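Here is a short briefing to read with the sequence and the 3D view open. Take each topic in turn and find the residues as you go.

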Amino acid sequence: MPRETFDRELQRLQDELLLLGSMVERAIAESVDALKRRDFEASRRIIAQDRDINARRFAIETDALVLIATQQPMASDLRALAAILDLASELERMGDYAKGIARINLMIGDQPLIKPLIDIPRMAERACSMLHRALDAFARRDVALARAIPSEDDEVDALYNQVYRELVTYILADPKNIDQANYLLWAAHNLERAADRVTNICERVIFTVTGELGELNREGNGIEDLPG
Amino acid sequence: MSETKIQVEHLNFYYGDKIALSDISMVIPDRQITALIGPSGCGKSTFLRCLNRMNDTIPHTRVEGRVMLDGVDIYAPGTDVVELRRRVGMVFQRPNPFPQSVFDNVAFGPRVLGLHRHHDLHEIVERSLRDVGLWDEVKDNLRQHALNLSLGQQQRLCLARVIAVQPEVILMDEPCSALDPIATLEIEELMRRLRENYCIVIVTHNMQQAARVSDWTGFFWLGELVEFGPTEVIFTRPARKLTEDYITGRAG
């Protein structure tokens with residue numbers, strides 16, 4: 001096999017990326033869980049772990065550039081490396097969303113939650129599931145799966161709209177709720193954005209396999225009259 | 001795509017009974033660079049040499065099909081092969097300047113074509129050397145022996161020798177394989193400049209070179225043209241599995 005060294009390195013980089021993906025997935029799930037349980041210790045841990053996520057992203061980026069410079073990959077190999085570069089940065093940003101949610105937990109502080117969290121954990125669950133399968137689609141080069149996942153973003157958007165409307169009623173009922181409602185809305189917004197980024201990942205999976213670059217599920221992002 | 005310069009139609013080429021090129025059809029555009037890639041023995045150099053009938057000199061060879069240069073078949077009876085090779089010049093793997101001065105190398109072609117006035121010859125020599133970026137390096141000593149130049153300079157001199165007879169097409173058979181990386185990049189830059197005025201066809205083993213320099217790429221395999229298309233497509237998303245395997249280093 002004339003490209004053994006390259007194939008081995010590409011596989012290693014892909015494994016590193018999947019590891020980064022699982023770290024981000026866990027960070028998102030745990031950040032919401034910590035918010036729900038008001039576990040400040042867990043939130044602080046998530047914030048600290050974000051540094052590892054960032055460091056891994058930079059390591060993947062560096063290794064991918066070295067591989068491009070030293071092995072001159074072409075065609076599907078080049079596309080895979082371009083996708084790895086892109087995915088690493090998508091994942092890192094998703095890690096930032098988890099860190100943001102962890103911070104929100106700390107910012108809300110000792111106040112009791114104005115409402116039990118139901119839809120926000122659902123959003124996190126959906127986003128994590130989408131992310132998990134999108135990375136699986138990348139590992140297996142599964143175009144059909146990559147095409148199917150983005151439509152699930154509509155469910156996340158619907159949940160976000162629901163959270164928004166509900167929080168507005170809490171604000172209207174008692175203006176003292178404004179600060180916390182804002183924080184919770186921001187947490188929901190982070191999850192909505194995380195799910196959007198899964199769509200980007202799916203687009204890159206399709207690009208890796210077919211060479212086609214295009215947007216998936218972007219006709220109207222399903223969010224009602226909200227910025228972002 | 002710009003205007004067609006060469007149109008190859010169902011070209012077969014035989015060495016004795018052995019078929020070396022099989023049913024090749026290709027449109028080579030003017031004022032663009034077309035790269036031919038493929039493993040050793042795939043027929044790409046044989047194909048290149050069909051474009052100015054250089055293979056005529058090899059005994060027991062036979063050509064079928066047509067090679068149209070500006071719409072006229074160069075294999076038609078009565079073709080003036082000397083004139084054809086003026087119009088379709090060639091640069092080879094190793095620089096092959098004549099063992100003469102720099103000036104005489106470049107003036108060789110125009111002299112054969114009947115030009116003898118020193119003033120006219122000087123003008124052509126200067127223009128040709130300027131075109132290949134060699135003028136400033138040799139202008140102070142045009143009488144120096146060509147073999148005193150570096151290999152990179154010699155290869156540019158050979159290009160100047162081709163250009164001096166005002167060709168329309170320049171064929172290059174691995175023009176950089178004997179050159180160091182800097183001289184290689186100089187030739188590549190030169191090709192990009194010459195592309196403004198000439199149709200260039202290059203055979204190269206160096207895929208990165210094909211990717212860097214050409215507008216169109218043809219991939220040959222076992223005497224067949226597997227795929228031909230815009231270079232950016234061939235090197236990022238080729239249509240054929242065999243092309244993909246070759247350019248990613250998994251076949252050949």
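**Helix α3 of chain B**

Helix α3 of chain B covers residues 102-112, and its buried residues are Val102(B), Phe103(B), Asn105(B), Val106(B), Ala107(B), Gly109(B) and Pro110(B). The model is a predicted one.

- An α-helix has 3.6 residues a turn, so residues three or four places apart point the same way.
- After α3(B) comes Gly114(B). The phi of Gly114(B) is positive, near 105°.

**Chain B as a whole**

- Chain B contains 10 helices and 10 strands.
- A compact globule of 252 residues would have a radius of gyration near 18 Å. Chain B has 18 Å, which agrees.
- The C-alpha trace of chain B spans about 55 × 45 × 35 Å along its principal axes.
- Of its 252 residues, 55% count as buried.
- Take the contacts in chain B between residues at least 6 apart in sequence: 68% of them join residues at least 24 apart.
- Chain B has an accessible surface of about 11,200 Å². Carbon and sulfur atoms account for 50% of that surface.
- Chain B carries 28 positive and 33 negative side chains. The centres of these two sets lie 2 Å apart.

**Asp173(B) in strand β7**

- Asp173(B) sits in strand β7 of chain B, which runs over residues 169-173.
- Is Asp173(B) buried or exposed? Asp173(B) counts as buried because its relative accessibility is 11%, and the cut-off for buried is under 20%.
- Which residues does Asp173(B) contact, leaving aside neighbours within four places in sequence? They are Ser45(B), Leu48(B), Met90(B), Val91(B), Phe92(B), Gln93(B) and Val203(B).
- Val203(B) is 30 residues from Asp173(B) along the chain. Even so, the C-alpha atoms of the two are separated by 4.9 Å.

**Cysteines of chain B**

- A disulfide is a covalent bond between the sulfur atoms of two cysteines.
- Cys50(B) is in no disulfide. Its nearest cysteine sulfur belongs to Cys42(B), 13 Å away.
- Cys50(B) is buried, with a relative accessible area of 0%.
- Cys176(B) is in no disulfide either. For Cys176(B), the nearest cysteine sulfur is that of Cys158(B), 12 Å away.
- Cys176(B) is also buried, with a relative accessible area of 8%.

**Two loop residues with positive phi**

- His60(B) lies in the loop of chain B between α1 (44-50) and β4 (61-69).
- Phi of His60(B) is near 60°, a positive value in a residue other than glycine.
- His60(B) counts as exposed because its relative accessibility is 69%, and the cut-off for exposed is over 50%.
- Arg38(A) is found in the loop of chain A between α1 (4-37) and α2 (40-71).
- Arg38(A) is not a glycine, yet its phi is positive, near 55°.

**Ser43(A) in helix α2**

- Ser43(A) belongs to helix α2 of chain A.
- Where relative accessibility is concerned, Ser43(A) stands at 0% and counts as buried.
- Setting aside residues up to four places away in sequence, Ser43(A) touches Ala34(A), Ala102(A), Asn105(A) and Leu106(A).

**Chain A as a whole**

- What is the secondary structure of chain A? It comes to seven helices and zero strands.
- Along the sequence the pattern reads α-α-α-α-α-α-α.
- With 228 residues, a compact globule would have a radius of gyration near 17 Å. Chain A has 19 Å, which agrees.
- Along its principal axes, the C-alpha trace of chain A spans about 70 × 40 × 20 Å.
- In chain A, 48% of the 228 residues count as buried.
- Among chain A contacts between residues at least 6 apart in sequence, 86% join residues at least 24 apart.
- Chain A exposes about 10,700 Å², and 52% of this comes from carbon and sulfur atoms.
- There are 29 positive and 40 negative side chains in chain A. The centres of the two sets lie 3 Å apart.

Technical notes:
Residues are numbered from 1 along each chain as its sequence is written. Chains are lettered from A and ligands numbered from 1 in the order in which they are written. This is a predicted model: local features need pLDDT of at least 70, side-chain atom pairs count only at pLDDT 80 or more; totals for chains, interfaces and linings use all residues. Side-chain values use heavy atoms; hydrogens and water are left out. Helices (H or I, at least four residues) and strands (E, at least two) are DSSP runs, numbered from the N terminus. The radius of gyration is taken over C-alpha atoms; the globule rule is 2.2 Å times the number of residues to the power 0.38. Buried means under 20% relative accessible area, exposed over 50%, partly exposed in between (1.4 Å probe, protein chains only). Contact means heavy atoms within 4.5 Å. Accessible areas come from the Shrake-Rupley method with a 1.4 Å probe; for residues, only the protein chains shown count as cover. Lys and Arg count as positive and Asp and Glu as negative; His and the chain ends are not counted. The place of a charge is taken as NZ of Lys, CZ of Arg, CG of Asp or CD of Glu. A disulfide is a pair of cysteine sulfur atoms within 2.5 Å.
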